[in-house]
Amino acid sequence: MKIELNGRKAVVTGSTAGIGFAIAEGLARAGAAVVVNGRGEQRVTDALKELRRRFPNAEFSGVAADLSTSEGSTLLADQIDEADILINNLGTAHINGFFDQNDEEWLDLFQLNVMSGVRAARQFVPGMVKRGWGRVVFISSESAVNIPKEMIDYGMTKTAQLSVSRGLAELVGGTGVTVNSVLPGPTRSEILGNWMAATAREQGITQDEAEQNFLNTMRPTSLINRFTTTDEIANMVVYVCSEQASGTSGAALRVDGGVLRSIV
Ligand code: NAD
């Protein structure tokens, strides 16, 4: 199978690092023009520089905007009027105690992980429907199904993304636009990589050993028994954005290394 996305324009939220950066790379490799997004100008400039170095013939642009706010989403909408592919990748997590967390912290995470994607879909999906082709992917998590007790708020936002993704797929059914979610498992992205590197330093062990300890204690059902790479997540996303994936919509696609034990 050869995936060709020439002539398609993709917006990838939160793509200056981690899984989003790998998705931007994967889509560019397949020929798409890619819009990179991060909060700060410098990080966006650095990511663009690196992507242009790796893919000198690809088309890239960047928007520095904090998409956890409606002002940030408006900034993105002002600069990018249409897209054929929307990857709602932006998201974060904090370890916290359920009984200590206040309302504001819950709502802030909801804005960041869920509303950023809702607003971007509101902006870009009507154009896709009008043109009769589009791909929307929500980067959820296995934590949408296995809710972590130390991050219940994160689990809630990741389940909410599955809901929005499935509902949107229903709404645009039969239009040529597909909407899916991808559920990564523990992945060596910037945030988790930094966390594991810090744990390794603290405990005087290697990063591989820190990751193994994390899997043994926090995700013992992993079948691959290692963290996935950001490229492994990006590969699924690029496939689901391809012409060839036209039969897949409304799905929750797992790249979780088998952490979730359900068959379907
Ligand atoms: P990361 O922290 O490594 O990268 C996040 C990216 O988002 C960075 O480019 C950062 O600059 C950008 N960003 C952060 N806040 C932003 C904001 N308010 N506005 C715009 N950009 C912002 O994260 P990651 O691990 O690559 O996670 C990406 C997605 O994958 C998230 O939705 C996350 O929940 C999901 N996920 C990650 C893992 C994992 O193990 N890493 C597992 C399951 C799901």
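## Make-up of the ligand shell

In this predicted model, the shell around the ligand is made up of 12 nonpolar, 14 polar and 5 charged residues. Here Ala, Val, Leu, Ile, Met, Phe, Trp, Tyr, Cys and Pro count as nonpolar, Asp, Glu, Lys and Arg as charged, and the others, Gly among them, as polar. Altogether 31 residues surround the ligand, and the closest are Thr16, Asp66, Asn89, Tyr154 and Ser189; a residue is near if one of its heavy atoms lies within 4 Å.

Let's turn to the ligand's oxygen atoms. The side chain of serine 189 places an N or O atom 2.5 Å from a ligand oxygen. A polar contact is a pair of N or O atoms within 3.5 Å.

## Where the shell comes from

Helix H1 (18-29), strand E2 (33-38), helix H5 (152-171) and helix H6 (190-203) each give at least two residues to the shell. H6 has the largest share, with 3 residues. Helices (H or I, at least four residues) and strands (E, at least two) are DSSP runs, numbered from the N terminus.

## Notes on the model

Residues are numbered from 1 along each chain as its sequence is written, and side-chain values use heavy atoms, leaving out hydrogens and water. Local features need pLDDT of at least 70 and side-chain atom pairs count only at pLDDT 80 or more, while totals for chains, interfaces and linings use all residues.

Key. Polar contact = N/O pair within 3.5 Å; in protein donor to acceptor, adjacent residues only side chain to side chain.
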